Amino acid sequence: MGSFAEFHARSIHDRDAFWAEQARLVDWKVEPKQICEYSNPPFAKWFVGGQTNLCHNAVDRHLAARGDQPALIFVSTETDQEKIYTFRDLHAEVQRMAAILQDLGVVKGDRVLIYMPMVAEAAFAMLACARLGAIHSVVFGGFASHSLATRIEDATPKVIISADAGSRGGKSVPYKPLLDEAIQLSAHKPARVVMVNRNMVAFTPVAGRDVDYATERAKHMNAVVPCKWVESTHPSYTLYTSGTTGKPKGVQRDTGGYTVALAASIPHIFEGKPGGTFFCTSDIGWVVGHSYIIYGPLIGGMATILYEGLPIRPDGGIWWSLVEKYKVNVMFSAPTAIRVLKKQDPALLTKYDLSSLQALFLAGEPLDEPTAKWISEGLSGKAIIDNYWQTETGWPILSICNGVEKAPSKFGSPGKAIYGYNVKLVDDQTGEELTGADQKGVLTIEGPLPPGNLQTIWGDDERFVKTYWKTVPGKLVYSTFDWAVRDKDGYFFILGRTDDVINVAGHRLGTREIEESISSHPNVAEVAVVGVADQLKGQVAMAFAIAKDTSGLTSDAARKALEAEVMKVVDAQLGAVARPSRVFFVTALPKTRSGKLLRRAIQAVAEGRDPGDLTTMDDPAALQQIVDLIKG
Ligand code: AMP
């Protein structure tokens, strides 16, 4: 073990040698000829000339040494199922799924959209795509038909893999009707839909389009589908995320860089070891699920737990019971989940034997101090490691790299810049780099972005360049759109987004998307959505709308009824995950004299804070209405 400072410095100043070393952690069919090609900034190409396969590195590579060891542990407290797939079992299942896709004409470069609950077949689907060199696009199961339709239209998948339903808290959540509606809404139509039928909700397959997974699988029990070797720069997947505009961005990931980045992260950041067990409680629809439920642990030769269910059912000890049962070494969750557990009986934390557990990693949203303290005390002796990253980066930007050098955590900080990331804090007004301690700036990364980060936005290089990249004196930097400060020891503290993105229970949502959805209600003329601090979810969306026809809105009951209707629209279009906590009706929205919505002021008063400088405000009465509504 060396010094982390030295390790980090080498990753920046001796970049190619550093990453050439990390590249040895994975199998290559053809060795890379060039480590990083950055002749056309900001487009970075990693491990150029190399050929590899993500599925090979996650599955096939381990057959010889650990074919009979657990690879995928599927646990559903919704359906009371528990099934262990060894690497050999997983290899067979992935080949069956790949054979089905091949039958449907899927070849390298085709897109396959996956809209599935947390079931083992979702993992087979992702790995089967990677095996064939097809580009998967997983859409979070909590998204509804409109969100799904925009993604189908952008990704133009040849095939969609889905299921009849998911389940939440013991109640089935239908997927199939939302999928059918989304396909109807979308200008692009997939040729085929593979349906995993869990027999939860009845449905009628669309003739000529829908195929039954179980029937097709039965035809391919002995399928042998070799991995397709692809260029390192070949896209492995796209994953849609929210930004300032209403249209989600398809974050595009490569193959070789991503494989190397994840392979390196397992020992260096997570201290994971082959043969160990990784339990990430995220969802495959999010980036954390891609990297640390599916690819990262498997690439590292670890078993991974794929969990369908709530953290508190049958009781708040369920996750800890899994840690005991499967001897979990590394656990990864989100602060919101811990806040949920905090409301349960604390004795559940000491009921199980957690001796296998080395560390609990938390990411996706700020880790507040009371939650960090509660879990640190509850899991006494275990490291609680906050880490900060984004869909775009694919793996952490800030953390503690205990696998390189042990370092203490600081409450409220996700740690230091990780190797590979040349992080700069930039003054948003002057564009100057802020090098002093405790100065607030925008967290940026000097290009080239390290391996595993986004290559571009799917189908829109220009949007990639315009959205994220800025020239600050002498440097081209990627903006994370997060405010941050760095203390004298190099620890960062994240202070929130610089744009209109909000973070609800670790789910990233664009307020513009929610506004567009609310505006589609026939009686909404205008609306502003802001993120408001919430004790449990970190933030919730709150809407302030102007009704077109106010004649019926004379009573609380009438306003409540319209509020409920608006919420239903959001549920149906975007999914309950985006539903605002409240929709208030106002007669005017606070704006500047030039007509710009004063979101920050609305957000401040919605949180009961001082709205600050309002000299540019046109109509103070508009803000006063919001103040009065919040006071109730
Ligand atoms: P996503 O792309 O959905 O992973 O969301 C990324 C955003 O979540 C970041 O830009 C941050 O605003 C926020 N975020 C992620 N991890 C953390 C963390 N550890 N602390 C504070 N904010 C975080």
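In this predicted model, the sulfur of Cys-280 lies 17 Å from the closest cysteine sulfur, which belongs to Cys-401, and that separation is too far for a bond. A disulfide is a covalent bond between the sulfur atoms of two cysteines, and the cut-off applied to such a pair of sulfur atoms is 2.5 Å. Cys-280 is also a buried residue, its relative accessible area being 1%.

By the rule for sulfur pairs, the count for the model comes to zero disulfides, and Cys-129 accordingly takes part in none, the nearest cysteine sulfur, that of Cys-55, being 10 Å away. Cys-129 counts as buried because its relative accessibility is 0%.

**Enclosed space**

Rolling a probe the size of a water molecule over the atoms shows where empty space is left. In this model the count comes to six cavities of 30 Å³ or more. The largest cavity holds about 90 Å³ of space and is lined by 14 residues, among which Ala-44, Trp-46, Asn-453, Leu-454 and Gln-455 lie nearest its centre. The lining of this largest cavity divides into nine nonpolar residues, four polar residues and one charged residue.

The second largest cavity has a volume of about 60 Å³. Its lining includes Asn-53 and Leu-54, together with Ala-130, Gly-133 and Ala-134, and also Val-230, His-234, Pro-235, Ser-236 and Thr-255.

**The ligand and its surroundings**

Around the ligand there are 14 residues, of which Asn-387, Thr-391, Asp-482, Arg-497 and Arg-508 come nearest. By class, the shell around the ligand divides into four nonpolar, five polar and five charged residues. The table sets out polar contacts between protein and ligand, giving for each the atoms on both sides and the distance between them.

| Residue | Protein atom | Ligand atom | Distance |
|---|---|---|---|
| Arg-508 | polar side-chain atom | oxygen | 2.6 Å |
| Asn-387 | backbone N or O atom | nitrogen | 2.8 Å |
| Gly-364 | polar backbone atom | nitrogen | 3.1 Å |

Of the 490 Å² of accessible area that the ligand has on its own, the protein covers 93%.

Terms used: Residues numbered from 1 in each chain as written. Predicted model: local features only at pLDDT ≥ 70, side-chain atom pairs only at ≥ 80, totals over all residues. Heavy atoms only, no water. Buried < 20%, exposed > 50% of the residue type's maximum accessible area, 1.4 Å probe, protein only. 1 Å grid on protein atoms, 1.4 Å probe; cavity = no way out; pocket = protein on both sides within 12 Å on 5 of 7 lines; lining within 4 Å. Points joined across faces, edges and corners; volume = space filled by probe spheres on them. Nonpolar A, V, L, I, M, F, W, Y, C, P; charged D, E, K, R; others polar. Near = heavy atom within 4 Å. Polar contact = N/O pair within 3.5 Å; in protein donor to acceptor, adjacent residues only side chain to side chain. Areas by Shrake-Rupley, 256 points an atom, 1.4 Å probe, with all protein chains shown as cover.
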